[in-house]
Amino acid sequence: MTSNLAFVSQQAAKLPVLSVVVAGTGNVGTEFISLFQRQQQRLASRVNLQLAGVFNSRKALLAPGIDATEWQHSFANADHYQPADLLAYLAKLPAPKVLIDITPSQAFARQYPAFIAAGCHIISANKQGVTLPGPEYQGILSALEQQHLNWFSNTTVGAGIPVQRVLQELQQSGDHILQISGVFSGTLSWLLCSYDGSKPFSEFVLEAQSLGYTEPDPRDDLSGKDVQRKLLVLARELTLPLELTDITLEPLLPAGTELGSWDDFWQNRAILDQFILARYQQATAENKVLRYAATLNLQHAQVQAAVKLVAVSKSDPLAALAPCDNMFVIESHWYQQNPLVLKGPGAGRQVTAGGLHADLAVLAHHVELRSVVR
Ligand SMILES: NC(=O)c1ccc[n+]([C@@H]2O[C@H](COP(=O)([O-])OP(=O)(O)OC[C@H]3O[C@@H](n4cnc5c(N)ncnc54)[C@H](OP(=O)(O)O)[C@@H]3O)[C@@H](O)[C@H]2O)c1
């Protein structure tokens, strides 16, 4: 009689093996791998998930069957690598396989066509790939289609908030999106929800910096460029042929203050403080609050996309935002009078790593279905 254990291992032997290669061992990458074993167990009856590689910009551990609970020890002794070594390894790895991009690098995202040619599905937390110039982005989509591979990027906007997935489901169900608006930056959300005019805005910026909410140079947040990039990701989710330059950007920084060193900026911080105070006082006089908002409107002959500081009435959904939270307000044919609102933390290692695992679970489901069809 076959023992239970033997039966389980016979079953496991029949399951499709999905090899996972992780690029990036920073905040999110490390958390992603720490959740890996639980995901292996959760999917164990459907797909055999294998950690088959971990690398950062300096070194790589490339071997099938890495123990996700022990990887850091092996990684500490891992070797330097050349991009060609990585590609050769990926090409040899049996399909199905997925490359998970948890780096912030545009140069790395530009290598997606090579990873796809090596047979990899792609999952990205990195926004750079989904916001490459149109022809490059379309080239990646075509390569994926030719090879019957998938690309998931749900964590590039709103971290673990499944905003892209909701947009996909609405469109697949026959709804028509009219407008997407919201607050897509946790840092700017914290700054504008916290600012009450009691002290200069720059002191709030300094506090956000000390709490670890900002980029190393907070002007990278205040420039609004990250929000502009996120709006482009959502526009492309709706298959709109937009480029970054099609999205009007009004930075939270007064003109000229984005240049020079942080010390120069700090010496001239009164310019920023005055800029924000004037807008805050005007908004308060109108019984409104300030928010740094993104809007994509599809109701006119031409798509309108903008990222800017706005004053909203206290009954506006954007007014009811907790500091650090993101909010996505989706108006569609079916959600017109009463928009669909998603809100929650739009950053953080755990929610982002969790969102990547949600993408991985969807891919595992596809892999399982394809193995059944064969
Ligand atoms: N943190 C969040 O809450 C959050 C939320 C949503 C999305 N994301 C996105 O997730 C990504 C990772 O964020 P993070 O906070 O984990 O960043 P991080 O802590 O700075 O880690 C980045 C990792 O990427 C590696 N890397 C950089 N360039 C590389 C390259 N060319 N090839 C291979 N590895 C490379 C770095 O390696 P080295 O150490 O060798 O440089 C590092 O291990 C970013 O794209 C970010 O925008 C983050």
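A: Going by this predicted model, domain 1 and domain 2 bury about 1,400 Å² between them, with 51% of that on carbon and sulfur atoms. On the domain 1 side, T131, N154 and V157 stand out: they supply 41% of the area that domain 1 buries against domain 2, more than any other three residues. The domain assignment has domain 1 as 4–158 + 351–373 and domain 2 as 163–345. Their C-alpha centres lie 31 Å apart, and the contact takes 18 residues from domain 1 and 14 residues from domain 2.

Now the polar side of things. Between the two domains there are 10 residue pairs in polar contact, and the salt bridge count is two. As for which elements do the touching, α8 (127–130), α9 (134–147) and α17 (349–373) each give two or more residues to the side of domain 1 that touches domain 2. Of these, α17 gives the most, with four residues.

Let's zoom in on K127 and D226. They form a salt bridge, with the closest N and O atoms 3.2 Å apart. K127 sits in helix α8 and D226 in helix α14, so this pair ties together parts that are 99 residues apart in sequence. K127 is buried, because its relative accessible area is 19% and the cut-off for buried is under 20%. D226, at 28%, is partly exposed.

R349 and E31 meet through their side chains at 3.5 Å, N to O. R349 is in helix α17 and E31 in helix α2 (residues 27–34), 318 residues apart. R349 is partly exposed at 39% relative accessibility, while E31 is buried at 12%. The whole structure has 10 salt bridges.

What about the nonpolar packing? The largest nonpolar core has 72 residues, and those with the most contacts inside it include F55, F115, F201 and L222. Helix α14 (residues 225–237) gives the most to this core, with six residues. The core also draws at least three residues from each of domain 1 and domain 2. Take F201 as an example: among the residues that F201 touches are L191, Y195, L222 and I276. There's also a second, separate core of 31 residues, which includes V22, V47, L49 and A68.

Definitions and conventions:
Residues are numbered from 1 along each chain as its sequence is written. This is a predicted model: local features need pLDDT of at least 70, side-chain atom pairs count only at pLDDT 80 or more; totals for chains, interfaces and linings use all residues. Side-chain values use heavy atoms; hydrogens and water are left out. A nonpolar core is a set of buried Ala, Val, Leu, Ile, Met, Phe, Trp, Tyr and Cys residues joined through side-chain atoms within 4.5 Å. Buried means under 20% relative accessible area, exposed over 50%, partly exposed in between (1.4 Å probe, protein chains only). Domain bounds come from an automatic or database domain assignment. Contact means heavy atoms within 4.5 Å. Buried area is the accessible area (1.4 Å probe) that two parts lose on being put together, summed over both. A salt bridge is a side-chain nitrogen of Lys or Arg within 4 Å of a carboxyl oxygen of Asp or Glu. A polar contact is a pair of N or O atoms within 3.5 Å; within protein, one must be able to donate a hydrogen and the other to accept it, and residues adjacent in sequence count only if both atoms are side-chain atoms. Lists of a residue's contacts leave out its neighbours within four places in sequence.
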